[in-house]
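The entries follow the order in which I consulted the model.

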Amino acid sequence: MPAGLNRALLTVAGAVVAIVLAIAICSVAIIAAGGSPLDAFAAFFNFGETPRAVVNGVATFLNRAVPLFIAGLAVAVGFRMNLFNIGVEGQYRLAAICAAYVGSTFTAPKPIQIAVIILVAAVVGGLYALIPAVMKVTRGVNEVIATIMLNYIAINLAAYLVRGPFAGQRAQGQLTTTTPALGDSAMFPNLNFIFDWFGQPSPTRGGGVWGFLLLAVVLGVAIWVVLERTRFGFNIKASGLNGPAALASGVDPKKMVIAAMVLSGAIAGLIGLPEILGDKGAFNSNFTAGLGFLGIAVALLGRNKPVGIAVAALLFAFLDRAQGALQFANVPASVVTIIQGVIVLLVVVANEVTNRLALRLEERRAAQKLGTNTPVEVAA
């Protein structure tokens with residue numbers, strides 16, 4: 001059997017075993033919380049009793065997956081360089097409020113206005129990620145510490161801006177503060193027409209299925225091409241694996257650190273746009289938080305590959321969507337967080353075990369080809 005197929009089968013088997021173990025462990029947690037595992041797992045697949053409720057549930061599921069997928073891509077770019085961009089949370093919050101405010105200050109044809117908003121978000125996110133990158137290559141500051149500290153600055157700066165310089169006019173009786181509302185020309189078209197193809201009613205919750213889904217797919221393909229099929233992607237991976245060797249071959253690891261962090265931050269800057277351009281039409285003080293930290297788990301679960309990240313984002317979105325249904329099944333919504341954490345932990349362990357098994361099989365195969373019992377080193 002080819003080595004690549006062996007490794008793929010081991011990876012799939014490891015993931016299946018990890019998910020089965022996660023279900024077993026989480027069943028124990030559900031019982032300890034006073035709930036029924038069967039009722040809990042039934043709630044995950046309960047999208048509603050009426051066609052309208054079902055399409056709303058599907059729309060919520062897809063809309064949750066889009067920012068998680070983008071967050072996973074942002075983290076994965078850093079991981080490919082062996083950089084831990086923990087600052088995705090702050091980068092997307094700051095980029096979202098800046099993009100929402102800039103977009104509210106002018107009116108242009110829809111393609112132009114949306115393009116400007118996306119560009120502003122990417123630039124702000126990239127520039128904010130540039131700070132820890134420069135600190136690392138010039139002063140050797142660990143990027144984990146730098147990005148965590150910068151998260152606090154960005155989150156509190158965004159909170160100040162939405163209540164101060166970037167604040168719009170608050171409606172009477174409204175408790176939250178927002179940036180000025182975006183015009184219709186800034187809103188991304190939805191994909192509700194897909195439900196019409198299947199003779200289903202259009203979603204009425206959250207602006208329907210956000211059109212940013214298509215852009216996320218294009219972004220995923222683009223990142224795959226850049227990382228897997230270009231010299232730039234090879235240089236990033238080589239610099240992350242062995243900086244001195246990369247330098248000896250003519251690649252400057254410091255430039256790659258800056259390039260990888262800026263690219264990661266630019267992608268992170270797009271995380272908040274699906275919600276702004278698809279539903280809210282503004283950045284508010286209750287803007288969705290935690291997507292950056294969830295992106296770390298999504299990237300780990302997806303093994304830093306766009307296809308794997310897409311599957312992980314869909315899984316996390318599927319679990320998140322069930323929180324309301326779990327409440328009706330008398331199961332604490334916190335069970336979702338437990339399941340997510342257990343799945344990520346077990347899948348990471350399974351990946352390490354399967355990688356070692358695959359390496360041993362390759363070493364044994366290489367030794368047999370040489371006609372000796374002495375193991376031969378094979379690159380992972």
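A pocket here is an open set of points on a 1 Å grid over the protein atoms alone, where a 1.4 Å probe fits, with protein on both sides within 12 Å along at least five of seven lines; lining residues have an atom within 4 Å of a point.

This is a predicted model, in which local features need pLDDT of at least 70 and side-chain atom pairs pLDDT 80 or more, while totals for chains, interfaces and linings use all residues. Residues are numbered from 1 along each chain as its sequence is written, and side-chain values use heavy atoms, without hydrogens and water.

I noted the classes in the lining of the largest pocket: 20 nonpolar, five polar and six charged residues. For these, Ala, Val, Leu, Ile, Met, Phe, Trp, Tyr, Cys and Pro count as nonpolar, Asp, Glu, Lys and Arg as charged, and the others, Gly among them, as polar.

I then turned to the second largest pocket, where 16 residues form the lining and Phe79, Arg80, Asn82, Arg303 and Asn304 are closest to the centre. Its lining comprises six nonpolar, five polar and five charged residues.

Finally, I checked Leu273. Beyond its neighbours within four places in sequence, Leu273 is in contact (heavy atoms within 4.5 Å) with Ala99, Ile117, Ile118, Ala121, Phe212 and Gly278.
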